[in-house]
Amino acid sequence: MEENKTPEINPEEKKVVQAPSKPAKSLDWKAIFGKMLHSQMLIPVVAMLALLIFNLVNDPSFFAIKYGPNSVGDNVFTGNLITIFDKGAELAILAIGMTLVTAACGGQDISVGATIAIAGSAILRVVRGSEISPDTLQNPLILGFLVGCLAVIACGAFNGILVAYFKIQPMVATLILFTAGRSIAAWINQNQLPNIKDPTFGYYGGFIPGVPIATPIIISIICFIVIALVLRFTTLGLYAQSVGINEQSSRLNGINPTLIKFITFVILGICVAVCGLIKVSRISTINYSSVAKDIEMDAILAVALGGNALGGGKFSIKASVLGAYVIQLLTTTLYTKKVNSAAISAYKAIVVIILVVISAPVVRELFAKLKVKLSKKMARAGKKVA
Amino acid sequence: MKNSKALSAVKDKVQKMSDTSLLLTITIVVFVLMYLGAIIFEGEGFLKAQTFLDILNNNSALLIVSCGMSLVMITGGIDISVGGVVALTSMSCAVVLDLKNGSIFEAILVALFIGLAFGVVQGYLVAYLGIQPFIVTLAGMFFARGMTTIVHAKPFNVVHEGLNKLKDSRIVIPGLGYTNKHGKYIDAKIEIGVVVALVVVFVMFILLRWTKKGRHFYAVGGNRQSALMLGVNVKRTVFLSHVVCGLLAGIAGFVFFLHVGSGSPSHAQGMEMNAIASSIIGGTMLTGGVGNIIGTLFGVLSLCTIQNIVASAGLDDAWWIGITIAAMLCLFLVIQSVVMKVRKKMTKS
Amino acid sequence: MRNKIVLEMKNIYKTFGTVKALQGVEFRLAEGEIHALMGENGAGKSTLIKVLTGVYSKDEGDVILNGKAVSIHSPQDAQKVGISTVYQEITLCPNLSVAENMYIGREKGVWQKWGSMNAGATKILESLQIPASASQQLGTCSIAVQQMVAIARAVDMECKVLILDEPTSSLDEQEVAKLFKLMRELKERGVGIIFVTHFLEQVYEVCDMITVLRDGKYVGEYEIADLPRIKLVSTMLGKDLDDLSDIKSDAKEYICGEAPKVLEAFDLVSDAGIKPFDFYIKKGEVNGFTGLLGSGRSECVRSIFGADRVLGGKVLRDGKPVKIKAPIDAMKAGIAYLPEDRKNDGIVGDLSVRDNIVLALQVLRGYFRPISKEEAYKFADEYIKLLEIKTASADTPIKSLSGGNQQKVILARWLLTHPEYLILDEPTRGIDVGTKIEIQKLVLKLAGEGMAVTFISSETDEMLRTCSRLVVMRDRKVVGELTGGDLTQSKIMETIAGGGVEDGRE
């Protein structure tokens, strides 16, 4: 996770302190609050605010954003907040595809980490040409990306066929590529470690000269826009939900469930290809067994934190993406607290458990009952006073 | 005429067979075919009993974990924390024995406690708070892996007299040995862990097959709502499945430790997925309600045999093992899916 | 004369959120009595049953069993005190054996004794003549057999109170007869039976007493002789009934004209196991498929709609050949299909009423022309008003509506596509009398406007009221067609049973 740090310090640093946002109108405050309370966004928003407040109280410099030259001398933005959006880009992009697959298939794809390795490996294989460590790109990157895309879309199609046609549960079906994926990735480059020295190759995981914002952030924003447009101008969202909730009745309404499931896996495949590009671009090489390790677990976590039912059905990509950034915010916070990188997962687990317990229906009911009791008591007390 | 009569009798029998026994049959048949294939194409090595016993020696922890996994899967859940728990227990045992100079007994207690604690907490969250098992045990996995490095960050070998004794003790199985090139008779031996694993398999089999509580796990996995209406305590059953799975992960952690004699944060990496794969190959369905411990035993054996075959075929690259396991998993899944589809059609008409 | 009261429920209250499901409901059941619990959908029958069996906990009120107040918090508690239940939806585990399903959850001891269990189960199965073996996996039995197994389980429980919650909806007539015989036997033994059903004939066939609920309130308890059928219906509805026999008259004459054939099928056959059949329907005609349950009625219309895999045959739409391979093809050809199994084939449970209404139209428009929110609201509000769908708002998830209102939403979904041929497969199953009549009226109105309609119902009098032509089926084969003067109950029965009718025709 800590690849590609830019530790440059600049004398003319700027401090940006986030102003707490206030509700626009105090009139329908109660309605907004009530809507919020039942919204899917509640948990990720609350979690994010809690973490931000923790950082604010603990160390306000967490929010510092600097502007200055990086290791290659370009003027860029740096700081923890930027890091979150930079390092969290892959996770957020994956969360998009994972949410769709979850919604339509009622299960998760656990092979994404392995298929990112495949995508990365395929991209490297194309751009390195016949040499192992060329100084310049042997083939255009776009070709590499397309081949990588094709490779993981094929993987997505494989998963999709098993899930949609053979009706195997997604988790089980993707277990196959989970086991084989990294082996296939290694096989693509005959287990060698290519190293691309061409600086343009590093643009996609680092900075494009002249642009002060890290490229993964830009890529992730493009992905969000694209998926927002897709959901706005096609009926994919409705169909995916419908198939996820009741496949039989969707079919009788003229939807082709097999095709919808297949499409969601292909979309996830494209997300994976983009992640693969960012990953290999970040370090200009690849480590087959550790690249994007456990990212599938984080992606599923993001979907769950976003309040989406893992059993399929209604979904919110916004909430999932927010969930992904919550995870990244947590990770970054822990890094700044000098927590050992291997031990971070333990803290992550505690936060996750707290969040899911709070959002559990049983616990919510308990809260509601408590609230009623409290208000009754208050009312009684009020009467006594009167 | 006679032939077709026999055929229809078989058809009838298959039709009335439970899903569990049907899938078990497939698993055993494929395993036997695979082992025969190994003997024919890979030669004498596989004919030796010791080769077979070594599969057990090296994978007793996986076998124990898989039994727990099967139980949870039969109940309709999943537990992906088991690999982490195995790593945590073996690391804790290592610390207790080496750095704290404790006794073997203390180490066992620690192992059981850790396993049980994970089982109870996860079981409570899943069963009584209704949180999805995948998320709960995913957090459990993160927690266990993180705790392992917090307990001790670097891998290390344990120096402990009692442990070495226990670690090196073998049980001789009479009659299965062989005579080597120099004409010396070599006994077939198994480790203590194998005995533990086989006891676990036996106990779990009895639990699931011959006790009323055991059948409740199937009922809950088959249809949770119905099970509730039939008077099964669904929440307690789900809770118990996680508790038993956690406990078995703890036991497996100790057995694993006994086999390797060291603690390391990278121990048992990916064991949860191997356990799931073994259960699936053994005919347990992730949808719940279908599965069998004997199947799981054969699932583990199949999985490990294929690794042996790959290794002895000279494809020593670690990469090949991943690909072959995946191919086998794929094969099994497709066979299961097709068989169930055909069967459904048969009952319909 | 009533026997000793075995079960008494007093002043039961139950609220879900803001919905008052039960308000001061009373119920009394005597030993050896078959007691019908009647009411429209949403009247609170199911809620009362679920309170009694411990699935829901009541807010207020007492349950008194054999003179002692009992508190029931779970189905196990109910079983322990001697209340056993057979639900409309089968609540058994398909992955366990028949015998296990009969005994699980109600036996003490640690060990599972397969031998004695199978022997016991075999004995019961034989005595009830249920065609299943004890060791067979339940999922491999037909639905009807599964339902019988559920009843066998309840019967064997040595219960004092047996609740049958619409057990007959998936049984055919012979099976129903068998069930009634069983109920009478239990009655002799002194078991009190609570019987919930939508079939009025069945009530008058077996029951002694009737308790009527309406809108979650207790209306009254009547002896069967004091409450003739027409009065029962008006008590349930709380208003006098429209004259049922009258609704057809105005629509009937339209059909006589020389209307063009909207759809024609030759040798149509699907993989659901029906024999190839020919079929046609004219503009403005209402026809029906009749036959016993499992005779292939639904399979026929499903093959027209492409819901099952079509294996062969030719379909003409307005005289032009069309290929219907999947539901989408049929929809494009202007055919709509309201399926029999509302829960599994009809509703998309978690989606809102609005999304459920526009779903089919949306599919027809295609992937790249999504219906805007405003438009969807407009459609939804229009049909909610038109069909008088009772829902809190268009955003309410459909699964929280009552059965009848869910059915109306599905109907709205198809009407919105403005089909030229509408297939209704059991649109009135499991919904209350008032809505049934509304739907029948609507069918005739639509036909009057020129829509071709196929109407299937298990209740013959409904079919007689609405259809002008009946296709009769037996053993997955079309065996006859009845029109005009032949449309009588006895003629239909004769044809279904396979009398001389069809032979005489040839």
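Predicted model: local features only at pLDDT ≥ 70, side-chain atom pairs only at ≥ 80, totals over all residues.
The following paragraphs describe the interfaces of chain A with chain B, between the two domains of chain A, and of chain C with chain B.

Residues are numbered from 1 along each chain as its sequence is written, chains are lettered from A and ligands numbered from 1 in the order in which they are written, and side-chain values use heavy atoms, with hydrogens and water left out.

Between chain A and chain B, 45 residues of chain A are in contact with 39 residues of chain B, contact meaning heavy atoms within 4.5 Å. The size of an interface is often given as the accessible area lost when the parts come together. Chain A and chain B bury about 3500 Å² between them, 82% of it on carbon and sulfur atoms, where buried area is the accessible area (1.4 Å probe) that two parts lose on being put together, summed over both. On the side of chain A, Met171(A), Leu175(A) and Met297(A) lose the most area to chain B, and together they make up 15% of what that side buries. The elements that each supply at least two residues to this side are α6 (141-165), α7 (170-188), α12 (295-305), α14 (344-359) and α15 (361-385) of chain A, with α7(A) giving the most, twelve residues; helices are DSSP runs (H or I, at least four residues) and strands likewise (E, at least two), numbered from the N terminus. By class, this side of chain A has 36 nonpolar, six polar and three charged residues, with Ala, Val, Leu, Ile, Met, Phe, Trp, Tyr, Cys and Pro counted as nonpolar, Asp, Glu, Lys and Arg as charged, and the others, Gly among them, as polar. The count of salt bridges between chain A and chain B is zero, a salt bridge being a side-chain nitrogen of Lys or Arg within 4 Å of a carboxyl oxygen of Asp or Glu.

Within chain A, the domain assignment, which is automatic or taken from a database, gives domain 1 (29-338) and domain 2 (339-386), and 31 Å separate their centres, taken over C-alpha atoms. The contact takes 14 residues from domain 1 and twelve residues from domain 2 of chain A. These domains bury about 1200 Å² between them, 76% of it on carbon and sulfur atoms, and Ile43(A), Leu330(A) and Leu334(A) supply 39% of the area that domain 1 buries against domain 2, more than any other three residues. One salt bridge is counted between the two domains. A salt bridge joins the side chains of Asp298(A) and Lys348(A) (3.1 Å, N to O).

Chain C contains 19 helices and 20 strands. The contact between chain C and chain B takes 29 residues from chain C and 28 residues from chain B, and the two chains bury about 2400 Å² between them, 59% of it on carbon and sulfur atoms. Asn95(C), Trp114(C) and Gln137(C) supply 21% of the area that chain C buries against chain B, more than any other three residues. One salt bridge is found across this interface, and Glu100(C) forms a salt bridge with Arg215(B), the closest N and O atoms being 2.5 Å apart.
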